[in-house]
Each structure stands twice: as C-alpha cells, then as structure tokens.
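Work through the exercises below with the sequence and the model side by side. Each task is followed by its solution.

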Amino acid sequence: MTRLIQAGLLGLAMLLSGCGYNTLQGQDESIKASWAEVLNQYQRRADLVPNLVATVKGYAQQEQDVLVQVTEARARVGSVNINAASFEDEVALKQFASAQGELTSALSRLLVVSENYPQLKSDTLFRDLQAQLEGTENRITVARNRYIESVQAYNTTVRSFPSNLTAMATGAKVKPSFTVENEKAIAEPPKVDFGK
C-alpha cells in the first residue's frame, strides 16, 4: 500500500511539473518585478523634475507658463495612485500612462525653452539635470520594454496548451500590457524647425 501511495505521489509530482504552474508563478513574479522597475524609473523622473524646473526658473522668468505646465503635469502624475499591483488594472494603467504622457509633453516644451536661452544651456547644473533626465527617459523606455516582454511571456504561457489548463484551474488570466495613449500622434514624424 505504501508503494502505491509513493508511486501516486511521484506520478502527481511529475504531472504537476509539466502543467506550467511553476512557470506561471515565475512569470507572474517577473511581471511584478518589471512593473516595480517601471514605477521606480518614473519616480526617479518625478524627483528630478523639481530640480530642473528650479534651475530653468532662474533663467527664464518669462517662460513661466511652460514651468507651470511641467509642475502641474508632475502633480497629476503624483495624484494617480499606482502601486506594484496596478498592472492588473487596465483602467489604472491607462490613467497612469496618460499622466506620464502629459509630463513627457510638458518636459519636451521645457527643453525647447532651453533652446531659446543659450546661457541656460551653458549652466553646468542645467546640463547635468538635462543629462540625468535624458538618461531617465532611456531607463523608462528600457523598463517599459522589459515589462512588455514579461507580460508577453506570461500571456503566451496562459494561452498555450497544456499550461492554459492550469491557468484556468488557478484563475490566471491574460494581463494588460503597457500601451501608448495616442498611437496616431506618435505615428507622425516630429517637426524640426531651425528657423528661429
């Protein structure tokens, strides 16, 4: 009887090892970790923005509107309650992406302000902050890419046989990926005008 139980447990262990449960768990943790990194990079950017705004303010008093837009966009980013579990909520993910898009747009306008003030570009503090911000934007892109890849791997596992049976049994569902708010806007090439 003991050998029969042992054989049954061994068979069950072999069956479970091929069902994809551990793969689903590992990929779910990978998604959580990559989403945490996305949030980390956005937080880094949000922390840099006040320093950048303060530096530009010293030089560009007449460009107050742009500085106010950056500050307001950063405040909107801070008002979107997002945490490591938010990647499960598609609506929260869209709100987060929208707020981040507004901040990105405002920062772009702020960097245009720097083009109008050559003395600002020569300021070491501004150049350092600008380099930090550019580096952060690159880190955000890498972090989002890793998150998208993690979601893709997980969703593929959830939808593939035989792990889809395990996914159904455990309630694992396809997770939303990070998307761009306005795909039409990014499809157009940027306009560069050196006429000024």
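The accessible surface of the chain is about 12300 Å², and carbon and sulfur atoms account for 55% of it (Shrake-Rupley method, 1.4 Å probe; for residues, only the protein chains shown count as cover). This is a predicted model, in which local features need pLDDT of at least 70 and side-chain atom pairs count only at pLDDT 80 or more, while totals for chains, interfaces and linings use all residues. Residues are numbered from 1 along each chain as its sequence is written, and side-chain values use heavy atoms, with hydrogens and water left out.

**Exercise 1. Describe the fold in terms of its elements and contacts.**

Step 1. The chain has eight helices and zero strands (DSSP runs, numbered from the N terminus: helices are H or I with at least four residues, strands are E with at least two).

Step 2. Of the 196 residues, 34% are buried (buried is under 20% relative accessible area, exposed over 50%, partly exposed in between; 1.4 Å probe, protein chains only).

Step 3. Take the contacts (heavy atoms within 4.5 Å) between residues at least 6 apart in sequence: 79% of them join residues at least 24 apart.

**Exercise 2. Which face of α7 is buried?**

Step 1. In α7 (residues 163-170), the buried residues are S163, N164, T166 and A167.

Step 2. Viewed down the axis of α7, these residues fall within an arc of 155°, so they line one face of the helix (the arc is that of the directions from the helix axis to the C-beta atoms).

Step 3. The face turned away from the buried side carries the exposed residues M168 and A169. After α7 comes G171, with a positive phi near 80°.

**Exercise 3. Trace the salt bridges and say what they connect.**

Step 1. The structure holds four salt bridges (a side-chain nitrogen of Lys or Arg within 4 Å of a carboxyl oxygen of Asp or Glu).

Step 2. D28 pairs with K175, the closest N and O atoms being 3.2 Å apart. D28 is in α2 and K175 in the loop between α7 and α8 (183-187), so this pair ties together parts 147 residues apart in sequence. Both D28 and K175 are buried.

Step 3. E137 forms a salt bridge with R45, with closest N and O atoms 2.9 Å apart. This pair links distant parts of the chain, E137 in helix α6 and R45 in helix α2, 92 residues apart. E137 is partly exposed at 25% relative accessibility, whereas R45 is buried at 0%.

Step 4. Salt bridges with shared partners join D28, E29, K32 and K175 into one network.
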